[in-house]
Amino acid sequence: MDYVEIEKKWNQKWEKDNLYKFDTNNLDKKFYLLEMFSYPSALSLHLGHWWNFGISDSFGRFKRMKGYNVFQPMGFDSFGLPAENYAIKTGIHPVESTHKNIAAMEAQLRNIGGTFNWENELSTCEPEYYHWTQWLFLKLFEKGLAYQKEAPVNWCPSCNTVIANEQVNEGICERCGSEVIKKNMKQWFFKITDYAEKLLNGLDKLDWPEKTKLLQKNWIGKSVGAEVDFMTEKGQKLTVFTSRVDTLYGVTWLVIAPEHKLVDELVTDECKESVKQYILESAKKDDILRTSTITEKTGVFTGSYAINPLNNKKVPIFVADYVLASYATGIVMGVAAHDTRDYDFAKKYNIDIVRVINAKDGSEPELPFTEYGVLTNSDEFDGMTSEDAKKAIIEKLEKLGAGRGKVNYKIRDWSVARQRYWGCPIPVIHCPHCGTVGVPEQDLPVRLPHITDWKPEGEGPLGKVSEYMNVKCPKCGQDARRDADTLDTFVCSSFYQLRYPDCHNDKEIFSKEYINKMLPVDAYVGGVEHATSHLLYSRFITKFLNDMGYLDIDEPFQRLIHQGMILGSDGKKMSKRNGGKTADEYISEFGSDALRLHMMFSLKYIDGGPWNDDGIKHMKAFMERIERIVTKVVAQEDVNSDKYESEEKELDYVLNYTIKEMTAGFEDFSFNTAVARLMELVNAIYKYDSLDNKNTVFEKKVAKDILRLIAPATPHFAEEMWEVIGEEYSIHNQSYPVSDESKLVKNTVEIVVQVNSKIVSRLDIDTSWDNVKIIEEAKKEEKVSALIEGKTVVKEIVVPNRLVNLIVK
C-alpha cells in the first residue's frame, strides 16, 4: 500500500465531502476540542506541532466515533513578538512573512488529515479579529480595568520592548535570551488583581492537572495578615504588610524595595553612593530571581531608622531586592528569630535577633523558629497563642491608628503595552484637553498601517507615522494623538476560544445564546508553560465578560491536558541539530499515519521525552501486518458461524479487553497503552487464524473491529482498508466498538502443574471443575504422566485457580 498516495486521496475526498463539518444545529452532544493557538513564526511544522495537533486530532476522531458532535477549530496567534522576530530575522515585512507562514502551516496541517473545522479559522492579525480585541480593551477601559501608570517594568533591550513578568525566566527574556532590566515607564495595565479572589476560587471546580492549579494558586499568592504603620524619625509613615503580626515585637529592621518611590527620601548623604550602586545591580534581576528562596539575600543600609508602633524601639531601614515594590506596600519587617530568610540576613549584617515566639509547650526551640507557638517578650500578649495574638495585636494597632487587618495577593496587574509594530493597535486617543479617550466603537477597528520603518527602536514605531498618530479628539474635536504602542499578543489569545464558534459574526464579539451552548471548552490541549500567563489571562477575561453580562459561564476551559515536550535525541530541546528529520521528511518516506502512530506508541503524551525515529518503520510494518490479516480474513467464506468454543472465547476476551483498555487510554490521553493493547489483539487474531477449525464469521467481526479501533490513530490507512474490504464509506462515521463486560469474565483459567513442587506443565481448566476433575486432567498431561508412571502419588495439593502439586514416591 502506498501510504503517501492514499493520504492525498482521502484528504481530498474528506475535504470535498465536508466529512467533519460541525453541525451547529446539533449541540446536545457537542464536544469542543481545542489545541492552544499556534504561532506562525516558521515556514514548516516541526515535530512538536505534530505531537500537539496530530495526536489531539486522534482524540477528536475517537470522540466523534463515540457519537459526539466534535468542534475542533484551527487558527493562528499571528500578532506579537514571535512573528515579528521571525520577520526581523528574515528581513521580510511581518505582513508578508506572517501570511506566507500561515499559508504554509495551514497546508501542512491539512495534510495531517485532521478533523479541523477550517470554516472557523481565525488569525489574530486580521482586522476582522482584532476589531474585537480592541472592543474588549475598550470595555475594560470603561470599567477602569484598563489603565495607564508609571511603573517599573521588564525591559528587553534586544526586543526593544516591555515584556510581562510571565515572559521573564530567571532574568532572561524567554523570546530572545537577552538579559532583562527594570525600567520605569508609563504603561498600560489590565487590573487582573481585582479578580484575584475569583481566579482562586474558580480553580477547585476545574478538571485540570493539580500541578497547574497549584502554579496558579502560588502565582496569585493570597496572604491574610495586617498592615502596620512605622514612623521614621523625620515623621514619614512606612506601611508594611505582614502575615505574622504575632511577631511584631521581634522586629529589628525594615526593608524597602530598591524601586520604591520613598527610597530617595530615606537615604542619608553618607549612604547615597552605596544605595545607588545597589539599585543599579538590582535592576538587572527579574522578580522571580529576586524572590527565589535559593538566591542569597543582600541589602544596603539607608542611614535612616523607623519606630515600632508597639514597643517604640528604633530599627534600621535597609534597601533589599528580595522585596518588590509591586507586592503589597513594597516594605516588609525583618524578624530574624522567626523567619529563615530574615535570620540569614540578620547574621550577614549583624542585626539584633529577638525571640518572641516559643513552642506551644513553652520550650525555646532553636532559632529560627518559624512555626506558630506562644508569645514571649511581647508585653501584655505574653502567653497568648499565635492565633489569638494576631487578633489581639491587630485590635490594638487599630485603636492606636497604627495598623489594620489586610488581605494581599502576590499577583500584579497585567502589563499589556508593547513598543513594537506587529500587534493590535491600542484603541485610545490622547487629547490635551479631555485626557485619554476611547475610540468610539463605530470607528473600530483601528487598522494597523502598513509601514516600511517598522523595526523596534525602544519606542513604538507607530509614533513616527504622522498620518496614523495625528487625529481629532472624538469628544472635543481638537487635535489629539493616538497611542503609539500595540497590545501584548496574550491579549489577542485571551478570548479566541469564545470567538471561534461565532467567528463570522460582524455585529458583536459573539452571540451570547450560541456561545453559552458551546462553552466551556470540553478539552483544551497545550503546554504547562502557559500556566501563569495565557491560561490565567483567559480565565480573567472570561470572568470579566461574565460580570458584564456577555456570558453565563465564568470559566473558559473545563478540562485541561498538558502534552509533554518532545526532546532531541540528546535529551535537550528539539532542534535540527539533535532532532533528526523534519516532519515533512518522515511523512514523505513513511506517511503521516505511521508518524502519528509512532508518536502515540513511543512516548507517554503527558510526559514527552527524547525523540527516536527507529520505531516509525516498525509502525509501518505493523500497519502492513494488519492489512495482511484483515484482507485474508475478510476474503474467507462464512463457515462455522455457530462455533463458540474455548478458542473463540479467548479471542473474544482479548477483543473486549482491548476495546475497554483502548477506550480508557484515549479518554486519559494514554495513547501508548492503547496502541500496545491493539498490538496484543492483532497477535491474538493471527493465532486464531492459524487454527484449522474456526468461526470465520466471528473472525471477520474481529478484523473489522480492529480497523474501527485503529481508525482514530491511522485515519487514512483505516479508511483505505475499509474501502478495500467493501464496507460503506466512511469508517469515521462508524461507531467506536463498545466492550462487552460479560466477555471479560473468563470461564477458563491457566494453572501450574507441579510434581514434587517442581513446575512440569501448565493446564487450562474450566472454572466450574471440582478438585477431583482438576487432578484427573492434570495427571493426563504428557509430561506429568511420564513422571508419575509406576510411582505412588502420596499427596495431591490443589490451590484454587493457581496450581496442582502431586507429591510422589
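Predicted model: local features only at pLDDT ≥ 70, side-chain atom pairs only at ≥ 80, totals over all residues.
Helices here are DSSP runs of H or I, at least four residues long, numbered from the N terminus.

Residues are numbered from 1 along each chain as its sequence is written, and side-chain values use heavy atoms, with hydrogens and water left out.

So, H17. Helix H17 covers residues 534–547, 14 residues in total. From first C-alpha to last, H17 reaches 20 Å. That is close to the expected 20 Å, taken as 1.5 Å times one less than the number of residues. Twelve of the 14 residues in H17 are buried, meaning under 20% relative accessible area with a 1.4 Å probe, protein chains only. Among them are His-534, Arg-539, Lys-543 and Leu-545. Just after H17, Gly-549 takes a positive phi of about 90°.

Next, the core. The largest nonpolar core has 88 residues. By that I mean buried Ala, Val, Leu, Ile, Met, Phe, Trp, Tyr and Cys joined through side-chain atoms within 4.5 Å. Phe-540, Leu-545 and Tyr-496 are among the members touching the most others. Helix H5, residues 127–142, gives the largest share, eight residues. Apart from this core lies another, of 84 residues, including Tyr-3 and Ile-659.

What does Tyr-496 contact, beyond four places in sequence? Its partners include Phe-37, Tyr-129, Tyr-524 and His-534, with contact meaning heavy atoms within 4.5 Å.

Last, Asp-342, in helix H11. Asp-342 counts as buried because its relative accessibility is 3%. Beyond four places in sequence, Asp-342 touches Trp-253 and Tyr-322, among others.

Technical notes. Buried < 20%, exposed > 50% of the residue type's maximum accessible area, 1.4 Å probe, protein only. Helix = DSSP H or I, 4+ residues; strand = E, 2+ residues; numbered from the N terminus.
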